[in-house]
Amino acid sequence: MKRGGAAQFSSSAAAATSAPGRGRSQTNPERWVDEHGDPLFRYALVRVRAREVAEDLVQETLLSAMRSREKFAGQSSERGWLFGILKHKISDYFRKLGRETSFTDLESLADEFSEKFVPEGYWVHVKGPKEWKPEADEVMHRSEFWQTMHACLDKLPERIANVFMLREMEGVESKEICSMLSISESNLWVMLHRARMALRECLEINWFNREK
Amino acid sequence: MAIEAKTPNPRPPDDTSVLQPHGWPRKLLVWIISEATPKCREVVRILSEQMDRKLPLVTRCRLRLHFVACSWCERYMKQLHYLRETARRFPEHADAADGAALSPEARLRLKQTLNNS
């Protein structure tokens with residue numbers, strides 16, 4: 001996305017916009033950059049995966065926060081409040097993306113993983129899924145696992161990765177994703193299937209089956 | 001042997017289930033099941049769909065039956081859950097994976113923008 005693109009779209013998060021003024025002495029927006037800038041940036045980056053977009057989203061967030069800081073009035077932690085705004089900005093970003101681009105890439109879906117199956121549709125024996133060890137709760141503590149996952153996510157085509165992120169990382173319901181991105185449910189399922197298949201394969205090769 | 005050639009889904013070698021296709025009755029059973037249920041390529045598509053919506057009872061039964069003869073697809077299903085379980089935790093571990101931070105230029109630009117507005 002172009003720099004500043006997110007700036008044109010700030011509806012829901014900007015719901016809390018009011019005239020700035022009195023709060024200026026208590027809250028210093030510059031301090032936000034130092035105290036919360038990096039966590040906000042990382043949160044955005046892992047979801048949108050492009051530094052410029054993540055930076056834009058942080059900027060939008062802090063600007064909105066500045067405009068609405070009177071309404072904040074310390075009901076929650078400052079960081080929690082800023083993250084709340086950022087989450088709105090991120091879903092706005094995806095909504096906008098859904099309107100601007102046709103979100104399915106059917107061409108690349110045509111011949112799905114043909115090398116994994118024999119023409120009759122069964123697994124090629126040597127390419128069937130391998131046993132995955134260790135269990136999920138064990139790998140959670142291994143930073144190498146997360147690095148591998150990161151690398152695997154980066155290899156997915158962007159739209160497919162976006163859909164996977166919304167569904168599996170954020171846990172957004174299918175119907176909501178469809179309306180967010182203006183795609184049909186069957187399109188969504190095809191894309192998710194593709195993402196899962198590719199990620200599964202990538203993790204199996206680069207993590208579970210790696211040379212030890 | 002005819003059934004051997006047509007037995008598309010022997011259990012993986014490291015599988016210890018009772019339905020290893022040894023001996024012709026079991027091979028025949030595996031063959032019947034694989035004829036009666038969707039092919040693996042279709043099964044994995046259905047399994048992915050199952051992560052996003054509840055499937056009709058009939059479809060779920062056919063999947064179960066398929067797993068009796070094909071533990072590759074059963075494994076695939078477990079791995080989809082593994083993916084989900086780990087993906088949910090991915091954002092909180094992103095620091096470990098990345099260690100990303102705002103660049104000094106971005107930090108400066110942010111401060112300037114905030115000051116100017």
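Hi everyone, let's start where the two chains meet. Chain A puts 44 residues into the contact and chain B puts in 46, where two residues are in contact if their C-beta atoms, placed from the backbone, lie within 7 Å. This is a predicted model, in which local features need pLDDT of at least 70, side-chain atom pairs count only at pLDDT 80 or more, and totals for chains, interfaces and linings use all residues. Residues are numbered from 1 along each chain as its sequence is written, while chains are lettered from A and ligands numbered from 1 in the order in which they are written.

Now the chains themselves. Chain A has 9 helices and 0 strands, and chain B has 6 helices and 0 strands. Of the 212 residues of chain A, 37% are buried; for chain B, the figure is 30% of 117 residues. Buried means that 20 or more other C-beta atoms lie within 10 Å of the residue's own, exposed means 12 or fewer, and partly exposed is in between, with C-beta atoms placed from the backbone.

Next, the inside. The largest nonpolar core has 68 residues, and A:Ala44, A:Leu57, A:Val163, A:Ala195 and B:Cys40 touch the most other members. Such a core is a set of buried Ala, Val, Leu, Ile, Met, Phe, Trp, Tyr and Cys residues joined through C-beta atoms within 7 Å. Helix 1 of chain A gives the most to this core, 9 residues.

Let's stay with that helix. The axes of helix 1 and helix 4 (residues 78-100) of chain A come within 11 Å and cross at roughly 35°. Axes are lines fitted to C-alpha atoms, for helices over the stretch in contact, and angles run from 0 to 180 degrees between N-to-C directions. Among the residues making this contact are A:Trp32 and A:Leu40 of helix 1 of chain A, and A:Phe83 and A:Ile90 of helix 4 of chain A. By class, the contact has 10 nonpolar, 1 polar and 2 charged residues.

Buried or exposed: what about A:His193? This residue lies in helix 9 of chain A, and A:His193 counts as buried because 23 other C-beta atoms lie within 10 Å. Across in chain B, A:His193 touches B:Arg45 and B:Ser48, leaving out residues up to four places away in sequence.

Finally, some loops to find in chain A. A:Arg49 sits between helix 1 and helix 2 of chain A, with a positive phi of about 65° although it is not a glycine. A:Arg49 counts as partly exposed because it has 17 C-beta neighbours inside 10 Å. In the loop between helix 4 and helix 5 of chain A is A:Pro134, and the peptide bond from A:Lys133 to A:Pro134 is cis, with omega near 0°.

Note on methods:
Helix = DSSP H or I, 4+ residues; strand = E, 2+ residues; numbered from the N terminus. Nonpolar A, V, L, I, M, F, W, Y, C, P; charged D, E, K, R; others polar.
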